[in-house]
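Biologist: I am new to this structure. Could we go through its main features together?
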Amino acid sequence: MSTSAHPSADAITTANPVISRLVEANERYAADFTDPGMDARPVRRVAVVACMDARLDLHAALGLELGDCHTIRNAGGVVTDDVIRSLTISQRALGTRSVMLVHHTNCGLESLTEDFRHELEDEVGQRPAWAVEAFRDVEQDVRQSMQRVRTSPFLLHTDDVRGFVFDVTTGLLREIDPA
């Protein structure tokens, strides 16, 4: 019996075959990798806040290349305190000036409610400190996110904040009027 805190190599590779395949893909990627010679400052000086939905290929949809932007993703693309933290670092330390918000049609947060937190509390005995940020109207949620960015005292650049809804069936963006 081993008392090591580290699992064996066999246990690591069989624990999750999906993750193991991702690690193998990384090894193939790294074999041909060349340092792109860039720093963390985005070339286009823009930060994109978007939903984590697997159907959104942001770089392809927006014509972005490696190094063009900062990408911040979470469930719903909602502007939370942690998103403000990331945007603040992006602007103040790394020079971004514009913020693009990308929500999308058919988002999973449209089918949840804040009751999700209570269900978690019942299941695990502790209520999460975070809000679900569920919504019924994606356009209104984009407006709320734009307002949160524009009114944050921590952000230096709030004049170029635009919000969009990405249609997951057509791939097109629709801009949302902040008013």
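**Strands, a helix and a surface patch**

Modeller: Glu114 is partly exposed, with a relative accessible area of 31%. Please keep in mind that this is a predicted model.

Biologist: Where is Glu114 found?

Modeller: Glu114 lies in the loop between β3 (98–104) and α5 (115–124).

Biologist: Which residues gather with Glu114 in a patch of negative charge?

Modeller: Asp115, Glu119 and Asp122 gather with Glu114 in that patch on the surface.

Biologist: Turning to the strands, how many residues of β1 are buried?

Modeller: In β1 (residues 46–51), 6 of its 6 residues are buried.

Biologist: And which strands does β1 pair with?

Modeller: Strand β1 runs parallel to β2 (residues 69–74), joined by 6 bridges. There, Cys51 has Asn74 in β2 as its bridge partner. Strand β1 also pairs with β3 in the parallel sense, over 5 bridges, and Val49 is partnered with Leu101 in β3.

Biologist: In which sense do β4 and β5 pair?

Modeller: Strands β4 (residues 161–166) and β5 (residues 173–176) are antiparallel, with 4 bridges. Phe164 stands opposite Glu175 in β5.

Biologist: What about the hairpin, which residue takes a positive phi?

Modeller: That residue is Gly171, with a phi near 80°; the hairpin of β4 and β5 has 6 residues between the strands.

Biologist: One change of topic: where is Ile19?

Modeller: Ile19 belongs to helix α2 (residues 17–31). Ile19 counts as partly exposed because its relative accessible area is 47%, and that class lies between the cut-offs of 20% and 50%.

Biologist: What separates the C-alpha atoms of Ile19 and His103?

Modeller: A distance of 27 Å separates them, and the two residues are 84 residues apart along the chain.

Note on methods:
Residues numbered from 1 in each chain as written. Predicted model: local features only at pLDDT ≥ 70, side-chain atom pairs only at ≥ 80, totals over all residues. Heavy atoms only, no water. Patch = residues over 30% accessible without salt bridge, like charges linked within 9 Å, V, L, I, M, F, W, Y side chains within 5 Å. Areas by Shrake-Rupley, 256 points an atom, 1.4 Å probe, with all protein chains shown as cover. Salt bridge = Lys/Arg side-chain N within 4 Å of Asp/Glu carboxyl O. Lys, Arg positive; Asp, Glu negative; His and termini not counted. Charge placed at Lys NZ, Arg CZ, Asp CG, Glu CD. Helix = DSSP H or I, 4+ residues; strand = E, 2+ residues; numbered from the N terminus. Buried < 20%, exposed > 50% of the residue type's maximum accessible area, 1.4 Å probe, protein only. Pairing = 2+ DSSP bridges.
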